[in-house]
Amino acid sequence: MAMKYGIICDIHSNLEALNLVVDYLKRVEKIERFICCGDIVGYGAKPNECTEFIRQLENCLVVAGNHDWGAVGLEDTSFFNPIAREAVEWTRRNLTEDNRNYLKNLASEIEEKNFMLVHGSPRDPINEYIFEQTTFLANLPGIKKNICFVGHTHVPLCFYATSSQQIGEILLDDGTVVEINPSYKYLINCGSVGQPRDGDPRASCGIYDAQRNSLKIKRIEYDIAKTQEEILNAGLPAALALRLGYGR
Ligand code: ZN
């Protein structure tokens, strides 16, 4: 069986993007396994629909994100900015009990044979952002596998350390392929499905081929206008609709 994984992180209640990304991964890439590095909910208008979508997706490894646990009362949201907090409170009010229980029971870290996944960082799985090589270096001892997949920053980026601990990074644009060296350590963020922040408003996802040991990034257009309308109709802050158009 082909050991290809679709990587879908930071969905943020964006059902339009999630639908198209998973459809592409299944139909075009023939993918039957998925990795989700958290933040299924928060910001967008479809928390129940997105949570149910992930629950029904077969062979999907899922870890919790700060918004998932914020929405079910497991994370302190007083550090969230005012707009994020308004959204997390809206999400808390709108989640069904079933979905709330599902999010509550997510693990904060999953380890497989060749890779692991967390939302933030190995030393702080829920909350730490890794934008810089120094933060990657500080987290290197926690990377117990060839690859650590993360989310949280919403910026597609790959850090690596060679066996002699030389550090480097690779920008992950649409179509970028990274050949994974089995003797290196990697920390890979495949970007955000539902709220990209690298200036490209298209949904971002990854394709990890565990047999060939390669990773590819794919950007996918979705109906941003419809998603913005749903956010406004739900009474969520207008800034959350606007930012989807800029990809920031
Ligand atoms: Zn997020």
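**Zinc site and helix contacts**

Colleague: What spacing do the donors of the zinc ion follow along the chain?

Modeller: This is a predicted model: local features need pLDDT of at least 70, side-chain atom pairs count only at pLDDT 80 or more, and totals for chains, interfaces and linings use all residues. Residues are numbered from 1 along each chain as its sequence is written, and side-chain values use heavy atoms, leaving out hydrogens and water. Donors are N, O and S atoms within 2.8 Å of the metal (3.2 Å for Na, K and Ca); water is not among the atoms, so sites may look incomplete. Along the chain, the zinc donors follow D-x1-H-x26-D-x114-H.

Colleague: Which residues coordinate the zinc ion?

Modeller: The donor atoms sit at 2.1 to 2.3 Å.

Colleague: How many residues apart are Asp-10 and Asp-39?

Modeller: Asp-10 is in the loop between strand S1 (4-7) and helix H1 (15-27). Asp-39 is in the loop between strand S2 (33-36) and helix H2 (47-56). Helices (H or I, at least four residues) and strands (E, at least two) are DSSP runs, numbered from the N terminus. The pair links distant parts of the chain, 29 residues apart.

Colleague: Is His-67 buried or exposed?

Modeller: His-67 lies in helix H3 (residues 66-71). Among the residues it touches are His-12 and Asp-39, where contact means heavy atoms within 4.5 Å. Buried means under 20% relative accessible area, exposed over 50%, partly exposed in between (1.4 Å probe, protein chains only). At 3% relative accessibility, His-67 is therefore buried.

Colleague: Are H1 and H2 roughly parallel or roughly antiparallel?

Modeller: Their axes come within 9 Å and cross at roughly 25°. Axes are lines fitted to C-alpha atoms, for helices over the stretch in contact, and angles run from 0 to 180 degrees between N-to-C directions. Under 35 degrees counts as roughly parallel, over 145 as roughly antiparallel, 65 to 115 as roughly perpendicular, the rest as oblique. So H1 and H2 are roughly parallel.

Colleague: How many charged residues are in the contact of H7 with H8?

Modeller: The axes of H7 (residues 224-233) and H8 (residues 238-246) come within 8 Å and cross at roughly 170°, which makes H7 roughly antiparallel to H8. Ala, Val, Leu, Ile, Met, Phe, Trp, Tyr, Cys and Pro count as nonpolar, Asp, Glu, Lys and Arg as charged, and the others, Gly among them, as polar. The contact has 8 nonpolar and 3 polar residues; charged, there are none.

Notes: Lists of a residue's contacts leave out its neighbours within four places in sequence.
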